[in-house]
Amino acid sequence: MFFGFTISTAFSRSGVESAPRNQPILKKQRNAKLPSKNATSSALPRATAKTPLPRIARSEAEVSPHKPKLEDLLKPKSIKRITDDGDVITNSDWLEDDDFAFVNGTLIKAPLRYARPKIMDFSLYPKMSSAIHKFDYDEATQTIELKGEAGGLTMHSWIKVDQSYWDEIRYEIIKGDMKGFKITAYLWENENKTLAVAKGVLPQGKRMFSSVIAVVFKPLSEVVIGVATKNFRSYIEEEYKKQKTN
């Protein structure tokens, strides 16, 4: 659900600790070039005097007209586990076309008006994991530059954020490792709590990874996405409790 945090910690617990230190997550692709350390901002979309700033939802009234029904994302049994039992649901799979897909859901014991700003407070993300070495958010372009390293594996990606709607947030890796990975987070108010479901797809993801990483990626991603979601959920709930008692 919490994209930057989840991706950055995706290899913090794996069976590939024996991999050479600082090995990139992905196989090198022919003619693929990652931006250098000193790459200028011109390599990415940027706002100028002639380009309006990206639209950002500021109120609960700015809802998405395209948000799917909860039942279209999760099975009834999964919905019940989330809403009644408080479970975090994470399922992933390699599809026939080599796409990697996952769905993740949780219930946060805080109203949407409180939880949503916390989810979008990117300054919190580096504090959640030592695997995150850099997490720079440019509000003008709605782009995150992310660097992470764990278990001898490294990641360097640029993530485009679309927060045009209050209840639907889109993320896409537009440059660097796992380019093309798209995740959409959907939010609902549920009896003064926040129901959050994320759905992600990495097109032809299996072809990007080495054979070793491809084998461990599915089970590892389910564990790590689930743990990351629980950690961030707990943080939001604890902060909300503090606010209520003050």
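Me: Buried means under 20% relative accessible area, exposed means over 50%, and partly exposed is what lies in between (1.4 Å probe, protein chains only). With that in hand, which residues of α4 are buried?

Reply: They are L112, Y114, A115, R116, K118 and I119. Before we go on: this is a predicted model, where local features need pLDDT of at least 70 and side-chain atom pairs count only at pLDDT 80 or more, while totals for chains, interfaces and linings use all residues. Residues are numbered from 1 along each chain as its sequence is written, and side-chain values use heavy atoms, with hydrogens and water left out.

Me: What makes α4 a helix, and how much of α4 is covered?

Reply: Helices are DSSP runs of H or I with at least four residues, strands are runs of E with at least two, and both are numbered from the N terminus. Helix α4 spans residues 112-119 and is mostly covered, with six of its eight residues buried.

Me: Now α3: how do you know where its buried residues lie around the axis?

Reply: The buried residues of α3 (residues 76-83) are S78, I79 and I82. Looking down the axis, they fall within an arc of 100°, so they line one face of the helix. The arc is taken from the directions that run from the helix axis to the C-beta atoms.

Me: What makes a group of residues a nonpolar core?

Reply: It has to be a set of buried Ala, Val, Leu, Ile, Met, Phe, Trp, Tyr and Cys residues joined through side-chain atoms within 4.5 Å. The largest one here has 43 residues, and F122, Y171, M178, F181, F209 and I236 touch the most other members. Helix α6 (residues 211-245) gives the most to this core, seven residues. There's also a second, separate core of 12 residues, L73, L74, I89 and L195 among them.

Me: Why is the pair D98 and R207 called a salt bridge?

Reply: The term asks for a side-chain nitrogen of Lys or Arg within 4 Å of a carboxyl oxygen of Asp or Glu. For D98 and R207 the closest N and O atoms are 3.2 Å apart, so the pair meets the cut-off. D98 sits in the loop between β2 and β3 and R207 in the loop between β9 and α6, so the bridge ties together parts 109 residues apart in sequence.

Me: What about E62 and R55: why are they called partly exposed?

Reply: E62 comes in at 21% and R55 at 44%, so each falls between the two cut-offs. They also form a salt bridge, with the closest N and O atoms 3.1 Å apart.
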